[in-house]
Amino acid sequence: MVRLGSALIAIFAVGSASAFAPASQHAVRSTHVLQMTTTEAKDPVKVGVIGCGRIGIVHLGAINKAPGVVPIVVSNPTVSKAEDAAKKFGVAKFTSDAMEVITDPDVDAVWICSPSQFHADQIKACAANGKHVFCEKPIATDLAETVEAINACNEAGVKLMIGLQRRFDPNFLRVRRAIEEKEVGDTIIIKTCSRDPSPPPYEYVKGGGGIFNDMAVHDLDMTRFLAGDDPIEILA
């Protein structure tokens, strides 16, 4: 170690039926509300960031603007990228080894911004070292690894949050409020369509787990968020 997305959502609503619950369960659901509070802590949360590519740089910029949190170490396999990021954001330490971030005794939480195929192992390593985790989506590139990563955090008693940022986007929140306040009636279909402004690099696509794991995960999450519930049946 060296020191130093757009989206289009269509809501179809009629009568009092819902595609997310049987006909006999059309009672009004309890409302799920996102609540964020600001508290003053004696010491800032010390963060280590794994991955200094495009999304890692985005997160470092956000971390530097957030109150009560400070990045203290960054890593990237190409160490020059880690060094450049450390200089740009005033981070004291940089390294080429992600495990040096995870095992750093001063780190309270780890931001995982590495390629998708590394997420599950890095999440489990964070759990084993008692580090809270913020991870870019997806958790893993297959279901078994996803479950293992979640279980590891639960068993270790550490927090795990995935970067599904659309839940905090004012436009999506406005659609959610329209549904909750019955501006559009009872929802029977939620249709989402997302597009990136340009195709991602081939190497990124190859390791990202495919279009559903890497991009459609946002749409699947928005379906759950807007419906306020999980689907009871999936057809494909």
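Start by selecting Val 110. Skip its neighbours within four places in sequence, and you'll find Val 110 in contact with Gly 48, Ile 50, Val 101, Ile 102, Cys 126, Lys 131, His 132, Val 133 and Phe 134. Contact here means heavy atoms within 4.5 Å. Before you go further, note that this is a predicted model, where local features need pLDDT of at least 70 and side-chain atom pairs count only at pLDDT 80 or more, while totals for chains, interfaces and linings use all residues. Residues are numbered from 1 along each chain as its sequence is written, and side-chain values use heavy atoms, with hydrogens and water left out.

Buried means under 20% relative accessible area, exposed means over 50%, and partly exposed is in between (1.4 Å probe, protein chains only).

**Strand β4**

Next, click on Val 74, which sits in strand β4. Is Val 74 buried or exposed? It counts as buried, because its relative accessibility is 0%. Beyond four places in sequence, the contacts of Val 74 are Val 49, Cys 52, Leu 60, Ala 82, Ala 86, Val 91, Lys 93, Phe 94, Thr 95 and Val 101. Try the distance tool too: from Val 74 to Glu 100, 26 residues apart in sequence, it is 9.2 Å from C-alpha to C-alpha.

**Helix α1**

Select residues 54–65, the twelve residues of helix α1. At 1.5 Å a residue they should span 16 Å, and the end C-alpha atoms are 17 Å apart, so the two agree. (The expected span is 1.5 Å times one less than the number of residues.) The buried residues of α1 are Gly 56, His 59, Leu 60, Gly 61 and Ile 63.

Ile 63 counts as buried because its relative accessibility is 3%. Leaving out residues up to four places away in sequence, Ile 63 touches Val 47, Val 49, Val 69, Pro 71 and Trp 111.

Jump to Ile 162, in strand β8. Its relative accessible area is 18%, so Ile 162 is buried. Which residues is Ile 162 in contact with, leaving aside those within four places in sequence? They are Phe 134, Cys 135, Glu 136, Lys 137 and Ile 139. The C-alpha atoms of Ile 162 and Phe 134 are separated by 5.8 Å, though the two are 28 residues apart along the chain.

Now look at Lys 137 and Pro 138, which are joined by a cis peptide bond with omega of about -5°. Pro 138 belongs to the loop between β7 and α5.

**A loop lysine**

Select Lys 182, in the loop between α6 (170–180) and β9. Lys 182 isn't a glycine, yet it has a positive phi of about 60°. With 46% relative accessibility, Lys 182 counts as partly exposed.

**Last stop: helix α8**

Finish by selecting α8 (210–227), one of the elements that each supply at least two residues of the lining of the second largest pocket. How many residues does α8 give to this lining? It gives eleven, the most.

Technical notes. Helix = DSSP H or I, 4+ residues; strand = E, 2+ residues; numbered from the N terminus.
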